[in-house]
Amino acid sequence: MGKKTIIPFGPQHPVLPEPIHLDLVVEDETVVEAIPSIGYIHRGLEKLVEKKDYNQMVYVVERICGICSFGHGWGACLAIEGAMNVEIPERAEYLRTILHELGRIHSHLLWLGLMADGFGFESLFNHCWRVRETVLDLFEKNTGGRVVFSICKVGGMRQDISDENLKEMVEVLNGIKKEIKSLTDVFINDTSVKNRMVGVGVLTKEEAEELCAVGPTVRGSGVAQDLRLTDTHGVYGKLGFEPIVEEAGDCMARTKVRIREVFQSIELIEKAVSMIPEGPVAVNVKGNVEDGAEYMVRLEQPRGEAFYYARGAGSKFLKRMRVRTPTNMNIPALVKTLQGCDLADVPILVLTIDPCISCTER
Amino acid sequence: MESVHVEQVFEPVELSRIFSRVADLKAEGYRLGQICGVVLDDDNYEIIYSFDKGHKLLNLKLDIPTDAEVESITRIYWPAFIYENEIHDLFGVKFNHSELDYGGTFFKVSETTPWKPKK
């Protein structure tokens with residue numbers, strides 16, 4: 001047994017686009033303990049409820065993250081609509097589902113690129129992000145934005161997406177399916193990639209449940225936990241949704257979950273487009289959220305379960321808008337998987353929970 | 001008005017019972033979802049603990065004075081350290097017997113306890 005040494009990891013590190021710090025206690029090359037620190041970029045966005053009315057708060061919440069921004073905007077709308085007991089038109093539910101799944105494809109392709117970059121496969125990184133550009137183009141064409149969309153509003157959608165554009169979206173997605181398949185085959189079959197991920201950072205089913213992990217992190221450990229199974233948001237129940245689960249619990253399993261979810265999201269979009277009804281996309285919402293009216297709702301973001309809580313104050317301002325993002329809940333699982341790993345595997349393990357520190361700190 | 005949205009379950013719990021109630025939920029197979037603080041007025045907070053079992057959500061509501069001390073649930077749900085340290089740093093609530101207490105350094109905020117009402 002070697003001498004214990006503490007190696008600081010982050011908050012600035014090549015694999016970290018955002019700051020998180022880990023104190024890694026190592027013996028020789030093995031990590032025996034990891035102590036996380038966050039809090040470097042807390043922006044106090046929830047505190048803006050004191051200055052922004054409930055409609056403006058949707059814009060604020062959407063800006064928590066540049067990757068899952070549509071989902072955040074949707075979550076904020078769901079919480080406020082729940083507190084106000086507003087029912088939105090069915091077409092709006094379909095459009096929200098379609099754009100949320102498009103966001104999942106975008107997020108997972110971005111993550112696959114970052115993962116490739118993390119283990120030094122630069123050409124794979126570039127190809128993943130090149131394909132992702134096509135998805136961003138679809139967002140831009142249909143919402144006007146590539147990062148923040150502002151198309152979701154309390155009461156429905158700010159604008160409709162024409163049936164022609166929806167059909168074109170499906171054609172474009174089906175067009176890039178083959179390319180995504182050839183890229184993701186590299187992740188699954190390439191020897192050098194497998195050497196970095198298979199059997200590395202195993203999180204057992206029991207550990208994942210004990211540590212309350214969410215999203216692809218928990219589904220990669222054999223737990224069929226996916227909020228899209230519930231009726232809290234969207235039209236997933238009508239689309240015949242089944243969660244993607246992998247059993248191995250290692251880095252490769254978490255990667256495979258995300259890869260399979262990309263193809264699943266394309267299928268869900270195709271189904272939703274084939275079923276979307278005609279009709280309005282918003283209802284007129286008047287008045288304020290009543291004093292004490294509250295609503296807690298969850299939504300399955302690309303990284304996992306996210307909470308949104310709205311509480312009224314009887315004015316145009318809310319008393320509270322709370323957002324709990326998936327990375328919050330995956331940090332304990334990360335700490336667990338780091339225990340016993342090789343020091344060289346730490347960057348890969350950090351990446352496999354798909355950390356979003358902007359989300360986590362808000 | 002009848003709600004058109006999913007069922008909301010908010011269960012009040014007393015300060016003296018929060019630890020035992022959470023322990024009961026753990027024994028029943030609930031998963032911790034989140035913990036958050038709400039400022040009720042100048043003197044009182046509400047802490048909301050959310051739990052999931054089979055995709056059903058249960059929320060415990062704990063109303064406390066702003067200077068109250070709360071028993072940490074990290075011995076039951078270790079991941080709760082994320083939320084307890086956040087609430088400590090933003091609201092100033094002290095959690096006793098925490099398994100992982102950052103001592104006020106979890107969030108690096110320019111103003112201490114920014115959510116705590118200024119009297």
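Biologist: Where in chain B is confidence lowest, and where is it highest?

Modeller: The score to consult is pLDDT, the predictor's confidence in each residue, from 0 to 100. Where pLDDT is low, the predicted coordinates should not be read in detail. In chain B, helix α2 (residues 81–91) has the lowest confidence, with a mean of 93, and helix α1 (residues 18–27) has the highest, at 96. Helices here are DSSP runs of H or I with at least four residues, strands are runs of E with at least two, and both are numbered from the N terminus. This is a predicted model, in which local features need pLDDT of at least 70 and side-chain atom pairs count only at pLDDT 80 or more, while totals for chains, interfaces and linings use all residues. Residues are numbered from 1 along each chain as its sequence is written, and chains are lettered from A and ligands numbered from 1 in the order in which they are written.

Biologist: What is the average pLDDT of chain A?

Modeller: Chain A averages 91, and 100% of its residues score at least 70. Within chain A, the lowest mean, 77, belongs to helix α12 (residues 357–361), and the highest, 96, to helix α9 (residues 251–275). For the complex, the predictor gives an ipTM of 0.91 and a pTM of 0.91.

Biologist: How many residues of each chain are in contact with the other?

Modeller: Two residues are in contact if their C-beta atoms, placed from the backbone, lie within 7 Å. By that criterion, 26 residues of chain B touch 30 residues of chain A. On the chain B side, β2 (31–39) and β4 (56–65) each give two or more residues, and β2(B) supplies the largest share, six residues.

Biologist: At what angle do α4(A) and α5(A) pack?

Modeller: Axes are lines fitted to C-alpha atoms, for helices over the stretch in contact, and angles run from 0 to 180 degrees between N-to-C directions. Helix α4 (residues 122–143) and helix α5 (residues 163–189) of chain A pack at about 170 degrees, their axes 11 Å apart. They are therefore roughly antiparallel (an angle over 145 degrees). Among the residues making this contact are A:L124 and A:V131 of α4(A), and A:M169 and A:I176 of α5(A).

Biologist: Is A:M57 buried or exposed?

Modeller: A residue is buried if 20 or more other C-beta atoms lie within 10 Å of its own, exposed if 12 or fewer, and partly exposed in between. A:M57 has 24 such atoms within 10 Å, so A:M57 is buried. A:M57 belongs to helix α1 (residues 54–62) of chain A. Beyond its neighbours within four places in sequence, A:M57 contacts A:V49, A:K52, A:A76, A:L318 and A:M321.

Conventions:
Angles under 35 degrees count as roughly parallel, over 145 as roughly antiparallel, 65 to 115 as roughly perpendicular and the rest as oblique.
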